[in-house]
Each structure stands twice: as structure tokens, then as C-alpha cells.
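Trainee: Could you walk me through some of the words used for helices here?
Mentor: Gladly, let's have a look together.

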Amino acid sequence: MEFKQGDRVRIEKNGTAYEGKVMPSMEGYITIKMNSGYNAGFSKDRVKVTLLGGNGETPNGGSLNGGKKSGAAGEELPKSGRKLQKIAILSTGGTIASKIDYRTGAVTSQFTADDILAAIPELKEIADFKGRVISSILSENMDSESWQNLARAVVEEIEAGADGIIVTHGTDTMMYTAAALSFMIETPVPIVLVGSQRSADRPSSDNAMNAICAARVATSDIAEVSVVMHGTTSDDFCEIHRGTKVRKMHTSRRDAFKSINSLPIGTVDYSTGEIKTFIDYTRRGERSLKFKPGIEPKCALVKFTPGADPEILDCYINGGYKGLVLEGTGLGHVSTKWTPKIRKATEAKMPVIITSQCLNGRVCDRVYDTGRDMLKAGAIEGEDTLPETALVKLMWVLGQTDEFDEAIKMMKEDLSGEITECCFK
Amino acid sequence: MEKYDYSELGLKAGLEIHQQLDSKEKLFCRCPTLIRDVRDSDFEFFRYLRATESEMGEKDRAAVEQTKIRRKYIYKAYDTTCLVENDEEPPRELNKEALEISLGIAKLFNMKPVDQMHVMRKIVVDGSNTSGFQRTAFLASDGHIETSDGRCGIDSLCVEEEAAQKIEEIGDSIIYSLDRLGIPLVEIATAPDIKSPRQAREVAEQIGMFLRSTGKVKRGLGTIRQDVNISIAEGARVEIKGVQALDLIEDIVRREVERQLNLLFIRQELMERKAFVCEEIYDITGLFIDTKSKVLQKGVRKGAILAALLRKFDGLVGKEVQPGRRLGTEFSDRAKTAGVGGIFHTDELPNYGITEKEVQTVRDAIGAHPEDAVIMVADESEKARLAIEAVIARAKEAIEGIPEETRRALPDGNTAYMRPLPGAARMYPETDVPQVEISQEYFDSIETPELLTERAKRFVSENGLNKELAEKVAYSKYLPLFENLIETYRKDTNVNSTLIARTLVGIVPEIRRNGVETENLTDEHFKGLFAAISKQEIAKEAIQDLLTALAGEPNLSAPKAISNLGLSAFDPAEVENFIKKTVREKGDFIREKGPAALGPLMGIVMKEYRGTVDGKILSQMLKKELDIFISQG
């Protein structure tokens, strides 16, 4: 029996009949959506299928958004009639922009900026939005070229007059992209990265609250690259994290994102929209727009574990890598057996930056002999920089200069809030 | 005698039974299926929900209506609930124990399973599910049961997760407890084969009996819920949710038929009058600036008083559709979905401090004639607008006929509006849970539970219970304990099946009627009790006292309670001495009466040892001493 997705069929199995619409099915099975809305699967070789009506309308792709593109951005005037700030939403994919893919049964990114506006109409009261799709990939598939493309688009939108930028992003690697944008762009306006931990197709999704809070920050005075996500498991407020100080600290909770070695810049109350700030930040218009996209992808972050073979470092040194970030233990240590390899790397003009797998706190390689030997071998302390931020910074620094000494000097400086003078917690 | 001829009215009813399963763990996480005291909650959080589109690109109408007002849902969590209940972690794989209990139930109903079970998300945005949907899967169909009025088809069996328990509603906030969320349940839907209120009840009873036959379903209030789908030939399909007691099913069916007939009568009347509903919403706040009516004053202060004009509706808004409920009540139910307290209609005015004169002012201001009805709502402006729009929509439906809707069962057998009937748009696949294969071999490997009716027959033939006792114990929650105990004491001379059954379904209900909290009695208590009887440490007569003591202090073990109560004071030597002494003292009497002295002497001995020594044993001992005394002359 020939049938295709969307056809209405009757299935008979041992004298019991089922009717419904053919859905994307697993190999060997036919899945139908019955009138009750339930899906059920039947083994193809155990049932008789009768075609009731072919209409070939696929439950996939185009029909997913119902074809009811209600009000693309900027078409409707807000009820208040105020003149609103112009915000560009750049979508890169991720859970905030996800829908179910019935081909694979998995959640994928296929939700555009316009869809987000249609789904969250409150946004239209906050700003005048313009949507732009940069990519449609899950964040684990992003790379340094993705960061450059995104940064370029952000800069274009700011040049075109955007008062703020929202980037929708998968949460898994959001902290890397946030750090990359922080180093690449000196921004006069807010650049806000936002995502969600629950897919947008569920009534409990955190996407709406996160997007609304992001819009509040994008129209605020905080002209920094920030990450805006749930502050707690409740729908009470979002935290505004500095792009170089933020890390995903939980696999699934809404409040997975935390500022490390810093307080968050502030919070946004979901119900009132009020922003409270806790630390100093760069204000709107304080800086003029500068764009330095250069990046060196051949850098690596290597985690030291007890007994780890120092020859691992040879793979990078001989493999054409230009810089290394080591994630050491405690205050920033690796086995003494690694010290000669650090020396070999720095002698080959490869910067070696030390960070800690403790994440919280500052690296100090001057307390124990091991650390002192690492410093003598040419390693640089990453201070209280997060390991991932240190990696992105190193990639960017090496994209800016070929001079080893200059690179070392830049790595020691606080360029975008990644190094704080004092750790308060 | 029934009020209506239901077959002539074309009554069609079907039941949906929701039964919690007594599995060790929840359906999609490894938390226990424990109901907690809300005071033990150690954490709370809150969320808002939004209606979303299904995979077909539609929004469910029930979901849209429920998200009209922004409600805040507050959740109480426990040390027995986890991130899955909090909607903070993806679900684990479907609980296999629950699946196998469900397959057993499917077999009882002669149902056929699908080859591949797909877990779906059913949109429910009343906050009872933290995710905004209930996970549910279609498992089997095409079964049936036999009733005295003919066969009733069992159309579907779904495995679902239980929703969170609503604790309290405070303004626009609702508090839910997460202990119940995720407990596995089966939803069994019958075909619309039910043709009378009586048959509805019989079907419900029989399904309940089938479910309990598995021995793997939860017992007690709230663990089983019945929904009833009802329509009559001229009417519409109405789904009535949450009938908690079996006794209510017949009334629910009768009253819904009555409601539909009355609504049909109203419709007929409205058509004959050529009634219609004006689209315009009148803001009449200004007319009540100086009103003495407290409820309206609130409207003036808080927002607005809005009115709708129903041409030629006069007198019908106040017409009763169910005892104590009018068409106006149906309007009011709809208005309440917008968060207002209720409505006022001209059929019930003057009242609530609203004067005849004020009513006339309103009528004049909006151009209402005497044959028209006016509906008023007073609340915050936005709520009042949504409420009056809802009333206008419902009034229009009154002219068209009976709206298809989901209604809530009220304790008196009436029903109140809940939400529109949800459509297929509320279902979409739960992609976090893989499909579950149900091969023929797997299905065949599941044992079919023995029906309770069969078990009762077996208790008569194999265990010597009388029919009444056998049925009582088979249908009771103590069935698993009973089966366990009769196995333990299969060859015991002091404890037999009848004693066990009488204790569990005779003595326990009796002391409960006397105010003893028998819910506190555990299986261990009963096991300890029968062990003591078996070892002759206590007499059968002591059962009542011992159970009462244990129920009062559930932390006690049976042996400890026995010694506390002095029930174990049975020292055979002491009893023997007492009997010998009695026989000696009553020597003259015995010489006079011979063996017939046993009865009166037994009275004396029983008076001393009632409740501590089994009467049978006392009687044996006394007879022995008596025989010795008589033979010695």
C-alpha cells in the first residue's frame, strides 16, 4: 500500500482498526496521529493499511508555524504610542528558537526572530524590533568563524542605528560566544545574549521571560555584552551576567547561568521590568563602536588530571597550535612532569595561560614550588579569568598580534572585564 | 422510576476512569509515589504558563481561554520530589512497572495493544502540570465488558502521569503540591454505549472492580476519578470532570440530561421570540457613581461597570436549568474565567443593594426594552471587559443550542463550566521520551490478573469463607494482606481464613465506626496480631482491644501492645489453679448437676479470663478438671 506523510489511512491489526493521519515514522513502523490527537506506531508487516484520503499535506516544515505569520516586527504600533528604541534580534538557533522536528523526533532550531516576536507579543511594547537570521544551528555546532559572522552582523546593525542588540543563542556554548563578542566589539549599546533551557513549544518554556528581560536590558543603559537568563527556578527575575564572567553551571535548570568571581551586573524583575545593578558597568554611549574580528582558531584548552601524560602537550606543540590554556588543579598547578613541556611551548613562542578547574577564585602560582617552576617555564597566570574565557581571549589576542611579547602583555591585562582586581566571594 | 425515557431521548454516555497505579516509582522519574503533608514541603517556587502552538500549528482553544488571565502558579516541593517534577530536568524513561500493570489491565478488558507506544504531551495550562502539559500515551484499544444492560466497549487505555494537587487559590495565584505530580495512572475510556444512568453506574463499578483485581492500584479518596461524557439526540457532547464518588454518577447523568433539555427549551423559546445578542459593550460606570450597592461601589473604585444587552431574553436568564442553577449561572461561570466574582442580570434585580430605579436608569441608558435582559459586570476594567465578552459569547450559544464543553462535577450532582472541549490540537509528541515497543511476545508474557469476582468464589471453595465474607474481603483494600495471611496460616489450628477475614473486614470497620482511626493500622500490626493468636499468647476475644490500642499508638508493635494491655497474662498454671479452686469450691453444685455443671462454671471462669484466654481453651481445661472431679466422686 502506497501512502505518504499527511495521508489519512485506516490501519487494521488482528481485527482492530485505527484511523488517522500518517506522521513521520521510524524504520519498519507506520506512525499515525489519531483523531484524539494521540500518536501510535504499528509494525508495518503486521498491519493492513488502507488509504482513506491523500492530501500530502506534510505535518513538517512549512506548516509548523501555521502559516499565520502574525505581525512581523515593527508592523504594529505599541498601545502606548510612545516612540520606541530600535532593537535588532539576531537569531543563531538554540532552544529559545526550537521546535520539534518530526523527521528525527528531536528538538531542533527552526524558529526565526519573527516567530519569536509572534509568540511573545509583549515584546512589541518594549521596543521596535527587527529580526535577522544569522544561522540555525545548535550552539554545540558553533565555531570561531560563527563568532566572527555573528559579530559582523551585530556591528552592521549598530552601524545601521540599532539602539540595542539581542542575540538568541543555544545555551551550551553561549558563554564562549559572549566572551568572543566581548573582545571583538567595543560597543556603545547593549548587546544581550539570551537563550532558554526549556524548548519554546512548551507552555512552561523560559523563553518568553528570558526574551522579555533581555529586551529590557537591550533598551537599558548597560552598554556591555551580557547574558540574560533566569536568576532562580521561579519566574521572578533574570540575572544580567557580564559576557566574560558567566558560565553554564547546570545541565538543565532554568537558572543554569551564574556569574563566577563577580556579582552579576544586575537583575531584571519580570513583572515590573525594573533593572537593579550591583556592580559598575559601561554606560550607553561611553564608548564608540570599534570592531576587531581577528581570531586565531588554533588554540586549545587542556585540562590537567592526575597522572596525565605530558606528551599530550607535544600533540599541540607539534600540531601547529599557537597558544594553550591549561586548566590546572587548585591554585593553578600541573604535575612537575609537565613543566619541561610548558618550557618547550613558550620557547616555541606559544603563550601558555594557567587557569583553575576550581573556577571560583584566583590562580596563584607563587605559593608552591610547582607553581614557581611553571612560571619560570614561561606560563602566565590567568588571574581569576574563567578557563573558557581565557581560551577565547587567547584566540582573539593571537588574532590581533603576531608578537609573542605583545600577546603576553595583552593576556595579563583586563581587556573586557575578564580579570577583576579583587575577588569578593 | 426514572423521570425520563432515556432511550427515547437518545442518551449516549461514556465514562473515562482515571486510576492511580500503586507502583514504587513515578512514571517519568525515580521518586516514590508518596502523598505528603503540605506542611512538610521544604521548598517552593512559582511560574507562569503560556498557550503554545501544537505541531500542526494550532493553539488549543481550552488553553487559549485558560491563559486569558495571567495566573501565578506556586509549587510546593518535598524531599521526595525532584527536578523532573519541577520541570527542571528532562523526564527519565517510562516506568516499566507501571507499563506492565497497565498491560495487565488491558488484558483484563480484552484489549489489544499498539505495537509502538508514543508518549504525547497533552497541553494543560491550569498549572496542575509544571511543564504545561500532561504526558500521556495510547496503549491499547478495542476491549469490552459485559453489563446487565448489554456489552459496553472499552475504546482506549492510556498511561498518563498524574497532575499536581491543588491546595489553595488566592486571588490570581494557585498553590499546587508536587507530591502527586507524576504518579502513574491509567485512563480507561468506554465507548458511548451507556444508555441509562443505572448502566453508567454499573459500568463504573465493574471497571473499578477490574482495576482493583490487579492488586497494583492505589486505594482511597482521590485515587480514582470518573469523568462522564454525555449527550442526548438533540443536545451536545459534554464532558463532566472529576466525579469522585460512584454514588454520584447516576445523578450526574440524570441532571445533565435535565440541563440539556432545559437549554433546548430555552433555545426554542428564544427562537420563537426572535431573540438576539447585541455586540456592543456598554460602559455604565458613570451611572453608579453614587450607588449604595457595595458590590457596584467596588466596581466604580476598582475599574468599570460594563453591561451587555440581550434582546428579548427577559425572564429566560433566570430560568432554572438544574436545581438551583439558572441560565444566568451559566453566564456567570463563563464570566468567572476572566477572573471576576460573578455577574448581575435583570432577572434577579433589584437585589445586592441595586435599586429598581438604578435598574431602570441602566435600561434607559442603553435602550433596553422590558422584554430585554441586561447583564452587568463590575471589576477591574480589563477583567470586566473579558468577562462581559465571555457572557456575550455564551448568550449567543444559548440561541444556537447547547455548547460543547468540559464541565466540573459539583458535590450535589450538578455541574459547572470549566473550559471548552479541548481538541486534537492539544496533543503533540513528547520527544524527550523514546517510543516503547510492545511486541506480541512481551504482551503474551504479561500475566492476566485474576478477577476479584473469581477470587471471591475461590475464597468460598478453597478457604471455607461464606459468600458474603468472601466478597467483602475480595473487594477490600486488605485483599493483598488477606492473601498473604491465609498463606502463612494455611495449616494453623488457631488461625483460620474466616478469623482473618472477619478481623479485616468485620472488626476493623466496627471499631472505625466507634471512632478508632483504623487508617493507622499497618500490615505489621496485623501480622503481629495473628502470630500472637497462633502461639496462643492472646485470645481471639482480645483482637478488638489490641487493634484499638495499636490504632491509637501506631508506633507500638503488636507484642509491645499486648504486654502493655496485660493481654498476655495468660499463665496456664495460674489458670489451671483457678479452675481447680473453682471446681473445689463448687463441689456440692457439681455433685448435684453432674456434667451439666460445665455451663454455669464456664460463666465464672470466663468472667475471670475474658479477653485474655481463648474461650475454647478455657472450656477444654474446665471440662478436663470437671471430668477428673466427677470420676473421683
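Mentor: Let's start with the face of H8(A) turned away from its buried side, which carries the exposed residues A:Asp369, A:Arg372 and A:Lys376. Keep in mind that this is a predicted model.

Trainee: What makes a residue of H8(A) such as A:Asp369 count as exposed?

Mentor: The cut-off is 12 or fewer other C-beta atoms within 10 Å of its own, and A:Asp369 is listed as exposed.

Trainee: Which residues of helix H8 of chain A are buried?

Mentor: They are A:Thr370, A:Gly371 and A:Met374, in a helix that covers residues 369-376.

Trainee: How do you know that the buried residues of H8(A) line one face of the helix?

Mentor: Look down the axis of H8(A): its buried residues fall within an arc of 95 degrees, so they line one face. Those residues pack against helix H7 (339-347) and strand E22 (352-356) of chain A.

Trainee: And what follows H8(A)?

Mentor: A:Gly378 does, with a positive phi near 105 degrees.

Trainee: Now chain B. Why is H7(B) called oblique to H9(B)?

Mentor: Helix H7 (residues 327-336) and helix H9 (residues 381-400) of chain B pack at an angle of about 140 degrees, their axes 8 Å apart. Roughly antiparallel needs an angle over 145 and roughly perpendicular takes 65 to 115, so H7(B) is oblique to H9(B). The crossing is right-handed.

Trainee: What kinds of residues make the contact of H7(B) with H9(B)?

Mentor: Eight are nonpolar, three are charged and none is polar. Among them are B:Phe331 of H7(B) and B:Val391 of H9(B).

Definitions and conventions: Residues numbered from 1 in each chain as written. Chains lettered and ligands numbered in written order. Predicted model: local features only at pLDDT ≥ 70, side-chain atom pairs only at ≥ 80, totals over all residues. Axes fitted to C-alpha atoms, helices over the stretch in contact; angles between N-to-C directions. Helix = DSSP H or I, 4+ residues; strand = E, 2+ residues; numbered from the N terminus. Parallel < 35°, antiparallel > 145°, perpendicular 65-115°, else oblique. Left-handed = near helix turned anticlockwise from the far one by under 90°. Contact = placed C-beta atoms within 7 Å. Nonpolar A, V, L, I, M, F, W, Y, C, P; charged D, E, K, R; others polar. Buried ≥ 20, exposed ≤ 12 C-beta atoms within 10 Å, placed from the backbone. Arc of directions from axis to C-beta.
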